[in-house]
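The sequence and the model are shown first.

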Amino acid sequence: MNRQEYSAIGIDVIPLHPNTKRPLCDAWTSVDIEAQWADAPRNANGGIRHNGHVLNIDADNKAVSSTSEHVYNGLAGLGITATPIVQTASGIGRAFYIRCEDAPDGVGFRHLSKSVGAGELRIGTGGYGAMSVLPPSRIDGQPYQLIVGNWHAMPVVQWRDLLWLLPAQRTVTQ
(Lines give C-alpha, C1' and ligand atoms only; values in the text may rest on other atoms or scores of the structure.)
Protein backbone atom coordinates (compact mmCIF):
# COMPACT_ATOMS: atom_id res chain seq x y z
CA MET A 1 0.00 0.00 0.00
CA ASN A 2 1.10 3.58 -0.52
CA ARG A 3 0.59 6.43 1.94
CA GLN A 4 -2.63 7.61 0.26
CA GLU A 5 -4.13 4.13 0.62
CA TYR A 6 -3.09 3.98 4.27
CA SER A 7 -4.58 7.46 4.80
CA ALA A 8 -7.90 6.36 3.29
CA ILE A 9 -8.29 3.82 6.11
CA GLY A 10 -7.30 6.22 8.90
CA ILE A 11 -3.56 5.55 9.13
CA ASP A 12 -1.40 8.68 9.24
CA VAL A 13 1.92 7.99 7.48
CA ILE A 14 4.97 10.14 8.14
CA PRO A 15 8.20 10.07 6.11
CA LEU A 16 11.24 8.37 7.59
CA HIS A 17 14.82 8.82 6.48
CA PRO A 18 15.66 6.31 3.74
CA ASN A 19 17.00 2.99 5.07
CA THR A 20 16.12 3.92 8.69
CA LYS A 21 13.34 3.97 11.26
CA ARG A 22 14.05 7.64 12.06
CA PRO A 23 11.41 10.31 11.25
CA LEU A 24 12.48 12.84 8.64
CA CYS A 25 10.96 15.69 10.66
CA ASP A 26 12.12 16.31 14.24
CA ALA A 27 8.64 17.56 15.16
CA TRP A 28 6.88 14.58 13.54
CA THR A 29 4.25 14.37 16.29
CA SER A 30 2.87 17.84 15.59
CA VAL A 31 3.80 18.99 12.06
CA ASP A 32 1.17 18.50 9.35
CA ILE A 33 1.78 15.24 7.51
CA GLU A 34 1.58 16.76 4.02
CA ALA A 35 4.17 19.36 5.07
CA GLN A 36 6.44 16.55 6.22
CA TRP A 37 6.17 14.81 2.86
CA ALA A 38 6.76 18.02 0.86
CA ASP A 39 10.56 17.70 1.00
CA ALA A 40 10.81 13.95 1.51
CA PRO A 41 13.07 12.02 -0.87
CA ARG A 42 11.35 9.58 -3.22
CA ASN A 43 12.97 6.64 -1.43
CA ALA A 44 11.80 7.69 2.04
CA ASN A 45 10.51 4.95 4.30
CA GLY A 46 7.07 5.40 5.84
CA GLY A 47 5.89 5.07 9.41
CA ILE A 48 2.51 5.21 11.09
CA ARG A 49 2.04 8.17 13.41
CA HIS A 50 -0.11 6.45 16.00
CA ASN A 51 -3.18 8.45 16.96
CA GLY A 52 -4.64 6.30 19.73
CA HIS A 53 -7.00 4.49 17.36
CA VAL A 54 -4.62 2.23 15.43
CA LEU A 55 -2.29 0.43 17.83
CA ASN A 56 0.76 -1.71 17.22
CA ILE A 57 1.75 -4.61 19.43
CA ASP A 58 5.46 -4.76 18.62
CA ALA A 59 6.71 -8.30 19.34
CA ASP A 60 10.50 -8.31 19.71
CA ASN A 61 11.27 -11.95 18.93
CA LYS A 62 14.98 -11.16 18.78
CA ALA A 63 15.02 -10.50 22.54
CA VAL A 64 12.44 -13.18 23.51
CA SER A 65 11.77 -15.67 20.73
CA SER A 66 8.27 -16.62 21.93
CA THR A 67 6.83 -13.07 22.07
CA SER A 68 4.86 -13.15 18.81
CA GLU A 69 3.48 -16.60 19.66
CA HIS A 70 2.27 -15.28 23.03
CA VAL A 71 0.71 -12.21 21.40
CA TYR A 72 -0.95 -14.28 18.67
CA ASN A 73 -2.37 -16.77 21.19
CA GLY A 74 -3.59 -13.99 23.48
CA LEU A 75 -5.37 -12.24 20.60
CA ALA A 76 -6.83 -15.57 19.47
CA GLY A 77 -8.23 -15.95 22.98
CA LEU A 78 -10.15 -12.72 22.31
CA GLY A 79 -11.43 -14.17 19.04
CA ILE A 80 -8.96 -12.12 16.97
CA THR A 81 -7.21 -14.22 14.34
CA ALA A 82 -7.29 -11.98 11.27
CA THR A 83 -5.34 -8.90 12.34
CA PRO A 84 -2.67 -7.44 10.04
CA ILE A 85 0.74 -8.80 11.03
CA VAL A 86 3.88 -7.20 9.64
CA GLN A 87 7.26 -8.93 9.49
CA THR A 88 10.03 -6.46 10.27
CA ALA A 89 13.12 -6.00 8.11
CA SER A 90 15.11 -8.30 10.40
CA GLY A 91 12.77 -11.12 9.44
CA ILE A 92 12.39 -11.91 13.14
CA GLY A 93 10.13 -9.24 14.64
CA ARG A 94 6.37 -9.07 14.20
CA ALA A 95 4.00 -6.12 14.51
CA PHE A 96 0.31 -6.82 15.17
CA TYR A 97 -2.11 -3.99 14.25
CA ILE A 98 -5.53 -3.46 15.84
CA ARG A 99 -8.00 -0.64 16.34
CA CYS A 100 -8.98 0.61 19.79
CA GLU A 101 -11.55 3.37 20.20
CA ASP A 102 -11.05 3.95 23.94
CA ALA A 103 -7.27 4.00 24.52
CA PRO A 104 -6.32 6.15 27.51
CA ASP A 105 -5.16 9.69 26.88
CA GLY A 106 -1.55 10.73 27.39
CA VAL A 107 0.16 7.47 26.45
CA GLY A 108 2.87 7.06 23.81
CA PHE A 109 3.76 3.43 24.43
CA ARG A 110 3.98 0.82 27.15
CA HIS A 111 6.41 -2.08 27.45
CA LEU A 112 4.91 -5.54 27.25
CA SER A 113 4.62 -7.67 30.37
CA LYS A 114 7.54 -10.06 30.86
CA SER A 115 5.02 -12.92 30.80
CA VAL A 116 4.16 -11.90 27.21
CA GLY A 117 7.77 -11.33 26.14
CA ALA A 118 9.71 -8.35 24.87
CA GLY A 119 8.37 -5.40 22.94
CA GLU A 120 5.92 -2.53 23.20
CA LEU A 121 2.29 -1.60 22.79
CA ARG A 122 2.43 1.62 20.73
CA ILE A 123 -0.55 3.90 21.24
CA GLY A 124 0.23 7.62 20.71
CA THR A 125 -2.49 9.61 22.51
CA GLY A 126 -2.59 13.08 24.01
CA GLY A 127 0.40 14.44 22.11
CA TYR A 128 2.68 11.59 23.18
CA GLY A 129 4.38 10.24 20.11
CA ALA A 130 4.44 6.65 19.00
CA MET A 131 5.59 5.56 15.58
CA SER A 132 5.97 2.22 13.77
CA VAL A 133 7.58 1.44 10.42
CA LEU A 134 5.13 0.33 7.72
CA PRO A 135 5.44 -1.82 4.60
CA PRO A 136 6.93 -1.44 2.02
CA SER A 137 9.76 0.32 3.94
CA ARG A 138 13.22 -1.22 3.71
CA ILE A 139 16.20 -1.36 6.06
CA ASP A 140 19.51 -2.54 4.57
CA GLY A 141 17.60 -3.81 1.55
CA GLN A 142 15.25 -5.96 3.63
CA PRO A 143 11.51 -5.12 3.48
CA TYR A 144 8.86 -4.69 6.10
CA GLN A 145 6.03 -6.78 4.72
CA LEU A 146 2.46 -7.68 5.53
CA ILE A 147 2.51 -11.46 6.07
CA VAL A 148 -1.13 -12.00 7.03
CA GLY A 149 -4.32 -10.01 7.52
CA ASN A 150 -6.09 -7.15 5.81
CA TRP A 151 -5.51 -3.47 6.58
CA HIS A 152 -9.11 -2.75 5.58
CA ALA A 153 -10.51 -5.18 8.15
CA MET A 154 -8.51 -4.44 11.31
CA PRO A 155 -10.28 -5.83 14.36
CA VAL A 156 -11.56 -3.37 16.98
CA VAL A 157 -10.99 -4.01 20.68
CA GLN A 158 -11.67 -2.22 23.93
CA TRP A 159 -8.72 -1.00 26.01
CA ARG A 160 -9.62 -3.43 28.81
CA ASP A 161 -9.11 -6.29 26.33
CA LEU A 162 -5.43 -5.33 25.98
CA LEU A 163 -4.48 -5.10 29.65
CA TRP A 164 -3.12 -8.68 29.63
CA LEU A 165 -0.27 -7.37 27.46
CA LEU A 166 0.95 -4.92 30.10
CA PRO A 167 2.74 -5.28 33.42
CA ALA A 168 0.40 -5.24 36.40
CA GLN A 169 -0.02 -1.77 37.89
CA ARG A 170 0.95 -1.46 41.53
CA THR A 171 -1.19 0.51 43.93
CA VAL A 172 0.47 1.90 47.03
CA THR A 173 -1.76 2.52 50.02
CA GLN A 174 -0.83 3.97 53.40
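In which strand is the place of N56? N56 belongs to strand β3, which covers residues 54–59. The setting of this residue is taken up again below, after an account of the predicted model as a whole.

## Model and confidence

The structure is a predicted model. Its protein chain has a mean pLDDT of 91, and 96% of the residues reach 70 or more. Confidence is lowest in strand β6 (residues 109–111), where the mean is 91. The highest value, 97, belongs to strand β4 (residues 85–87).

## Overall architecture

Three helices and 12 strands make up the secondary structure of the protein chain. The radius of gyration is 16 Å, close to the 16 Å that the globule rule gives for 174 residues, so the chain is as compact as a globular protein of that length. The C-alpha trace spans about 55 × 35 × 30 Å along its principal axes.

Of the 174 residues, 47% count as buried. The chain exposes about 9200 Å², and carbon and sulfur atoms supply 48% of that area. Among contacts between residues at least 6 apart in sequence, 69% join residues at least 24 apart.

## Nonpolar cores

The largest nonpolar core has 24 residues. Those with the most contacts inside this core are I11, Y97, L134 and W151. At least two core residues come from each of β1 (13–16), α2 (33–38), β5 (94–100) and β8 (131–133). The largest contribution is that of β1, which gives three residues.

With neighbours within four places in sequence left aside, I11 is in contact with Y6, I48, V54, L134, W151 and M154. Another core, of 21 residues, lies apart from the largest one. Its members include I57, A103, L112 and L162.

The side chain of N56 is joined to that of S132 by a polar contact of 2.7 Å. Apart from neighbours within four places in sequence, the contacts of N56 are H50, A95, F96, Y97, E120, L121, R122 and S132. One of these, Y97, is also among the residues with the most contacts inside the largest core.

S113 is found in the loop between β6 and β7 (119–122). This serine counts as buried as well, at 11% relative accessibility. Its side chain makes a polar contact of 2.9 Å with the side chain of S115. Beyond neighbours within four places in sequence, S113 is in contact with W164, L165, L166 and P167.

## The exposed residue R160

R160 is found in the segment after β12 (156–157). Its relative accessible area is 60%, so R160 is exposed, the threshold being over 50%. How far apart are the C-alpha atoms of R160 and C100? They are separated by 9.9 Å, while the two residues lie 60 residues apart along the chain.

Note on methods:
Residues numbered from 1 in each chain as written. Predicted model: local features only at pLDDT ≥ 70, side-chain atom pairs only at ≥ 80, totals over all residues. Heavy atoms only, no water. Core = buried A, V, L, I, M, F, W, Y, C linked by side-chain atoms within 4.5 Å. Buried < 20%, exposed > 50% of the residue type's maximum accessible area, 1.4 Å probe, protein only. Helix = DSSP H or I, 4+ residues; strand = E, 2+ residues; numbered from the N terminus. Contact = heavy atoms within 4.5 Å. pLDDT = per-residue confidence, 0-100. Polar contact = N/O pair within 3.5 Å; in protein donor to acceptor, adjacent residues only side chain to side chain. Rg over C-alpha atoms; globule rule 2.2 N^0.38 Å. Areas by Shrake-Rupley, 256 points an atom, 1.4 Å probe, with all protein chains shown as cover.
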